[in-house]
Amino acid sequence: MPTHEAPSTSKQPVAKKQRFIIRHEKPKITTKHVMSLQHPLGIKPLGNYYMDATRSDFAGSCRGPSLGRLSQLTDEIIMEILNLLSPSDLVTLGATSRVLYGLTHLDDMWKNLTIERFKGDWVWQDDTWRATFLKRSDPGYDTSMILKNRDQMKLKGFYSDTLFQSFYCAAIGMEPYTAVENIDRHSGLSLEDFIQKYERPGKPVIITDGAKHWPAMTKWSTEYFLKTWPDAVLRAESVDVKVENYFKYAQGTKDESPLYLFDKKFGERCQGILEDMEVPVYFREDFFGMMKEKRPDYRWIIIGPARSGSTFHKDPNATSAWNAVITGSKKWIMFPPHILPPGVFTNEDESEVTSPVSLMEWFSNFYASTQFPDDPADRPLEGICREGEIMFVPRGWWHAVVNLEDCIAITQNYVGSQNLKETMEFLYTKRDQVSGVADDRQEGLYEEFKEAFFRSNWTPPEEGDVDTPPQEGADSGDSMNAEEIGRKRALMEMWEKNEQEIERLSKAVQQRCKGSVDGPEQVSFWEMAKRGTRAEAASDKEGESGVEANGGSGGGFSFSFGFTSDDEGDEEEPVEEESLEQENVSSTA
């Protein structure tokens, strides 16, 4: 075995797009990228090993002597094993060697432990989840010892991309990725121009004066929230946390992917907050509003520090959305519905979307490739939405958002005339993917929406029509003028036309899925549903499927792991670890 052989790193899956393919291997972190970055424990990226090895005073990697036979395992495998241990075992194990000290201090592991055990019932301590967990477990624990011991426990000669990666992504910032802004920006945009230029064609736009007149613009801030609603409990990803505790965390965290506060019930939990905002004129036609209190989840307050944000996704139920920034700024990167972003993987019907990397790691590993696609038209749209501005997100667009600084925003999803058909089709054909309602309502949400739509748009029958009485809760018709009656009848005609097309498409797809010996190609239901969404795609000719096929591309990804042996070396001298009796975890840990 070569002396001081460096462990190999594993490869990330290649990235696939629907219209073009860009393949990536996870790049090694090099000295060029991190010369100014110093890990708090002195851990270096793997690339530094080869440079350090050329120095005359190089003592080799400490991994082999420190881990012994465990050095045969990669850092990834060791971390999988550590994730199975209890917190008290991790503290004890961290005292046995310097490398295990570093491995057991990975803060993402302690973040998961804290949330799993205490949910949102914790108060942020110093700058680590480890300190937060230990303090929450034992209120008498002295967290100052962690910072003191950190200075004494620099891990000289420890090279690990696994441990350095999250630190690197949290430290690099967004500066290299903010130069491109190619999303249209408009002020003084009329409703008619918005519909014609952006909503109807499905094109993003930043409305630069959309929220500048809101009372929230002069009121909302960290200080205002702490003064007005300090004890309000809001949702931060998978946990409920007090506003006061969340802001303390947000101001001190160094997480690669900070907890993102994203709450749909803020109007109830923060009394009076809805008076500080309004729905912009461009988005007031919202047919889901006809369902009143039964409408799917649609409005959220979003609060987060720099680096927090949302990974690539499409908005639920084929709705469109708007996002208003009150404080701070957000970087948006958007791909049209037919282009799958690199580093993102989905199954055939897009019911499952996964990304093997974090938001910051995506920018680090994949962003550059998006700037030079095979077809220049396939470059993503990018932009920065600043205070008082509103981003319009058309239905079906892939988008990721990252906060460039501490940020407070409001977002709302809606369905209007321009995306009614797509939402109807989603609720009708993808009932298992419907979101925003209780599980027992998913299958029937289309019918609920239809009933509310018909009730809201009932009009008195014309002469010669069958005299159908109005549904319960519908307007009697006495107060409607001719213009209102005409508008409601036009909406009813729109619904009925859309429904006929959707039902015809659904039947055609089901027939093709059954297949026949002499029939057309057999294509899955979901593939056919994605291909044919327009009326002209359906045909009344006997024997035709009614769906026009578009070209598609197949493919997949592969990945591998490399295993190499480290030099076992001599046994390491006993480490005088940080007087670890001061880091005992209480019985509750």
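Modeller: Let's begin with a term: a residue is buried when its relative accessible area is under 20%, and exposed when that value is over 50%. Keep in mind that we are looking at a predicted model.

Colleague: Good, then let me try a strand. Which residues of β16 are buried on one side, and which on the other?

Modeller: The general idea comes first: side chains in a regular strand alternate between the two faces of the sheet. In β16, Trp398, Ala400 and Val402 are on one side, while His399, Val401 and Asn403 are on the other, and all are buried. That is six of six residues for this strand, which spans 398-403.

Colleague: What is the strand order in the sheet that holds β16?

Modeller: The order is β9-β16-β11-β14, an open sheet of four strands with antiparallel pairing. Its edge strands are β9 and β14, each pairing on one side only. From one strand to the next, the twist averages 15°.

Colleague: How many bridges join β16 to β9, and how many join β16 to β11?

Modeller: Three bridges link β9 (residues 309-313) with β16, and Ser310 stands opposite Val401 there. For β11 (residues 330-335) and β16 there are six bridges, with Lys330 opposite Asn403. Further along, five bridges join β11 to β14, where Ile333 faces Glu382.

Colleague: Which helix packs on this sheet?

Modeller: Helix α16 (residues 359-370) does, touching β9, β11, β14 and β16. The direction of α16 makes about 50° with that of β11.

Colleague: Now helices. What should I have in mind when I read burial along one?

Modeller: An α-helix has 3.6 residues a turn, so residues three or four places apart point the same way. Take α8, residues 129-137: seven of its nine residues are buried, so the helix is largely enclosed by the rest of the structure. Those buried are Trp129, Arg130, Ala131, Thr132, Phe133, Leu134 and Ser137.

Colleague: What does Thr128 reach at the start of α8?

Modeller: A side-chain oxygen of Thr128 comes to within 3.0 Å of the backbone nitrogen of Ala131. For another covered helix, look at α17 (residues 420-429), with eight of its 10 residues buried, including Lys421, Glu425 and Phe426.

Colleague: And a loop residue: is Ser257 buried or partly exposed?

Modeller: Ser257 sits in the loop between α14 and β7. Its relative accessibility is 33%, so Ser257 counts as partly exposed. Leaving aside residues up to four places away in sequence, Ser257 touches Lys111 and Ser358. Ser257 and Gly309 are 52 residues apart in sequence, yet their C-alpha atoms are 7.9 Å apart in space.

Technical notes:
Residues are numbered from 1 along each chain as its sequence is written. This is a predicted model: local features need pLDDT of at least 70, side-chain atom pairs count only at pLDDT 80 or more; totals for chains, interfaces and linings use all residues. Side-chain values use heavy atoms; hydrogens and water are left out. Buried means under 20% relative accessible area, exposed over 50%, partly exposed in between (1.4 Å probe, protein chains only). Helices (H or I, at least four residues) and strands (E, at least two) are DSSP runs, numbered from the N terminus. A polar contact is a pair of N or O atoms within 3.5 Å; within protein, one must be able to donate a hydrogen and the other to accept it, and residues adjacent in sequence count only if both atoms are side-chain atoms. Contact means heavy atoms within 4.5 Å. Two strands pair if DSSP finds at least two bridges between them. Axes are lines fitted to C-alpha atoms, for helices over the stretch in contact, and angles run from 0 to 180 degrees between N-to-C directions.
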